[in-house]
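Good morning, and thank you for coming.

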Amino acid sequence: MRFTVLGSNATYPTRGHPTSGYLVENEGRAVLLDLGSGTVAEAFDRIEVADLEAAVVSHAHADHCADVASLYFRLRFGPEDKRKIPLVAPDGVFDRLETFLTYEPGGQGFWETFADQRVDDGDQLDLIGAAWSFRRTDHPVPCVSTRIDGSNGALVYTSDTGPKVHLKTLASGCAVLVAEATFQGDDNLGTQHLTARMAGRIASEVQAGSLVLTHIRPDLNAADSVDEAAEEFDGHVVAAHPGMVIDF
Ligand SMILES: [Zn+2]
């Protein structure tokens, strides 16, 4: 399986750097995992619209889901045949996006484009020939971490979370831990996000094969985040960047 970083900025995009979004592919089949600002154009620079089988949205914060609007317009008004795909997400995502994207009272546009595939803590799904598992995170709105079991081990994407989440079970022994690391230093400032050190400690606890830091604030130097995480984790640590490819 292939995991491609489309965007890794926390909070807001900068030129060439969308916010959180990833492309997951398996033998010509594709899923978008989070759709931060600017990620849909990047995705369809790499795959055909017809190859996209589902969109997974971890939570209703705009830096993870704003481009569902772009995907909606592409699927509904693009030159390809109209398609309806599952939107996999926890509670809180559907109502917000339906309100934003439905223009007429009682309008059906949103639900003609997306099928409601709601997930919550402990749920599992089969998507593009792999098992996807979800756990609720420690975040102000319903949010899920995702584990994808590939042929060469599992990749776990934390999405947004404070340090109290039970990643120990979801991420145990994973080949690759893609962990948010919004902040640096020793304090997550009570924001229900991780620092790079926290991400490193989690990678050590779950005995991850390698650690990829993502969702780093664009005003921070990502190399410093890598250094901080590496003080807590002996394995390979790298900062995500658009275009990074991980096979697993
Ligand atoms: Zn968030």
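Let me begin with Thr158, which, leaving aside its neighbours within four places in sequence, is in contact (heavy atoms within 4.5 Å) with Thr137, Val144, Ser145, Leu167, Leu177, Val178, Ala179 and Glu180. Thr158 is found in the loop between β10 (153-157) and α6 (167-170). Here helices (H or I, at least four residues) and strands (E, at least two) are DSSP runs, numbered from the N terminus. With a relative accessibility of 1%, Thr158 counts as buried. On this scale buried means under 20% relative accessible area, exposed means over 50%, and partly exposed lies in between, with a 1.4 Å probe and protein chains only.

A word on the basis of these values. The model is predicted, so local features need pLDDT of at least 70 and side-chain atom pairs count only at pLDDT 80 or more, while totals for chains, interfaces and linings use all residues. Residues are numbered from 1 along each chain as its sequence is written, and side-chain values use heavy atoms, with hydrogens and water left out.

I turn now to the cores. A nonpolar core is a set of buried Ala, Val, Leu, Ile, Met, Phe, Trp, Tyr and Cys residues joined through side-chain atoms within 4.5 Å. The largest one has 29 residues, and those touching the most other members are Leu35, Val57, Val68, Leu71, Leu87 and Phe114. At least two residues of this core come from each of β3 (29-35), α1 (39-43), β4 (52-56), α3 (68-77), β5 (85-89) and α4 (93-101). Helix α3 gives the largest share, five residues. As for Leu87, not counting residues up to four places away in sequence, it touches Ala55, Val57, Phe94, Leu97, Phe110, Phe114, Ala115, Asp116 and Gln117. Apart from this core lies another, of 28 residues, among them Leu33, Val144, Leu155 and Ala240. In soluble globular proteins, nonpolar side chains tend to be buried together.

Next, the helix pairs. Two packed helices are described by the angle between their axes and the distance between the axes. The axes are lines fitted to C-alpha atoms, for helices over the stretch in contact, and angles run from 0 to 180 degrees between N-to-C directions.

The axes of α3 and α4 come within 11 Å and cross at roughly 55°. The two helices are therefore oblique to each other; angles under 35 degrees count as roughly parallel, over 145 as roughly antiparallel, 65 to 115 as roughly perpendicular and the rest as oblique. The crossing of α3 and α4 is right-handed, a term for the near helix being turned clockwise from the far one by less than a right angle. Which residues meet in this pair? From α3 they are Val68, Ala69, Tyr72 and Phe73, and from α4 they are Leu97, Phe100 and Leu101. By class, the contact of α3 with α4 has seven nonpolar residues, no polar and no charged. In this division Ala, Val, Leu, Ile, Met, Phe, Trp, Tyr, Cys and Pro count as nonpolar, Asp, Glu, Lys and Arg as charged, and the others, Gly among them, as polar.

The second pair is α7 (residues 196-205) with α8 (residues 222-230), whose axes come within 7 Å and cross at roughly 40°. These helices, too, are oblique to each other, and α7 passes α8 in a right-handed crossing. Ala196, Arg197 and Gly200 in α7 meet Ser225, Glu228 and Ala229 in α8. The residues of this contact divide into two nonpolar, two polar and two charged. Is α7 mostly covered or mostly open? It is mostly covered, with seven of its ten residues buried. The buried residues of α7 pack against α6, β11 (176-180), β12 (210-214) and α8. After α7 comes Gln207, with a positive phi near 55°.

Thr11, in the loop between β1 and β2, is not a glycine, yet has a positive phi of about 75°. Its relative accessible area of 42% makes Thr11 partly exposed. Glu27, likewise not a glycine, has a positive phi of about 50°; it sits in the loop between β2 and β3 and is exposed at 77%. Finally, Arg15 counts as exposed at 85% relative accessibility. Between the C-alpha atoms of Asp126 and Arg15, 111 residues apart along the chain, the separation is 35 Å.
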